[in-house]
Amino acid sequence: MIAQDRFERTLALLHRAALGDATWVSAAASVNSLIRASGHSLGYGELRPGSDPEVFLARSFSGRQRRRDWEELYFGRYWGQDEALLRLGTLRPDELAHKPDLYTDEEKKTSPVYNDFRRTTRSQNGLFMVLDGLDGCGIVWSFADSMKSGGWGYDQIRDIKRLAPHMRHFARVRRLMMDTEALGASLADLLDNRRPGIVQLDRRGRIREANDQARALLLKGDGLRDRKGSLTAELPAEDDRLQRLLAAALPPYGTQGAGGSMKITRPDTGTPLVVEVHPVGGMRADYRAWKVGVLVLIVDPASRSRIDPALAATVLGLTPTESRVAVALAAGRSAAEISQTLGVAEGTVRVHLKHAYRKLGIKGQTELARRILSLEAVRGSPRSP
């Protein structure tokens, strides 16, 4: 019972920390205590074999303290020398790897990262886990050494795997809040945010409020619908899963809710919606039914970029096809989805992306998407219908 209470407390702290900075250190300390590791770090970015990694979120924690010095040391001195980085891209989602296994025997003798940085941070015998993020990016969850004598035990591995889907959800929601400049916003302020769609459910699971973007999606009824005050999916199988996610986020009073995510098929549009179901608050027993119990964040990849490909071609010096691929990428589409839309092989799409990278002097999809999205600020830019 005590172990379950500690687990639920950790989840509650993670849920709060996903929406703002105030409790992340407390959440990290709770994770370290639960797992019995001397520390951990979280990174979010592109980790693709054969390409340079690109990270746009990274935090390191030791015990109850954020270690900015370790972050600065790693990215300032060791980032470009870490032999394990590209090997992380070969791990399957949710696969645990012992850090020494990602370095060769020779590297264990000569690698500055393994011998200097990981010794300094007490993480030579730690663990890596890769979780799937949004837009084809990865989440790297890295643990320092175990605090148990004798190394990692079965119970620690069990707790890591049990916590992994919640950490994935935390990282995905936090990235979404960062992308929409909504970190730390109040529940009322979130309703004024047009990216993403926001639906607030009360403790009974009924729709309480929604912002303009969410209301437009629900009125259109392409994938999601407001059915007599309940949030539902059009396809029965997807609705079953959505209702299970909502039920998990709204358990009986006194029990901690859990977040989750799924994709919602849109027969009329084609590009699926991404839905993140996020519990609000600690689900205390004194919450009244009319208060907000769950945030549902709805991401419409098709609306992320309305840049005219012709504008991208003119401003960035890309060919018409390269610009169409780049704009589709910024809209959240994968290479496979772009290939189907354009009627070309997936390998051809990747060739166009490489050409665009070279012309723009960049290294990855995230940076290319940022370049495309930055064109929205160009005064008088034409927009796609």
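Figure 1. The secondary structure of the chain comprises 15 helices and 13 strands. The model shown is predicted. The chain has 385 residues, and buried residues account for 53% of them. Of the contacts between residues at least 6 apart in sequence, 59% link residues at least 24 apart.

**Figure 2. An open sheet of five strands.** The strands are arranged in the order E8-E7-E13-E12-E11, and their pairing is antiparallel. Strand E8 (207-210) and strand E11 (260-264) are the edge strands, each pairing on one side only. From one strand to the next, the twist averages 20°. In general, the strands of a sheet pair through backbone hydrogen bonds, in either a parallel or an antiparallel way.

**Figure 3. The pairing of strands E7 and E13.** Here the view is limited to two strands of the sheet. Strand E7 covers residues 197-202 and strand E13 covers residues 292-299. Six bridges join E7 and E13, in the antiparallel sense. Aspartate 202 is placed opposite valine 292 of E13.

**Figure 4. Helix H7 against the sheet.** Helix H7, formed by residues 154-179, lies across E11, E12 and E13. Strand E12 spans residues 273-279, and H7 runs at about 110° to E12.

How values were computed:
Residues are numbered from 1 along each chain as its sequence is written. This is a predicted model: local features need pLDDT of at least 70, side-chain atom pairs count only at pLDDT 80 or more; totals for chains, interfaces and linings use all residues. Side-chain values use heavy atoms; hydrogens and water are left out. Helices (H or I, at least four residues) and strands (E, at least two) are DSSP runs, numbered from the N terminus. Buried means under 20% relative accessible area, exposed over 50%, partly exposed in between (1.4 Å probe, protein chains only). Contact means heavy atoms within 4.5 Å. Two strands pair if DSSP finds at least two bridges between them. Axes are lines fitted to C-alpha atoms, for helices over the stretch in contact, and angles run from 0 to 180 degrees between N-to-C directions.
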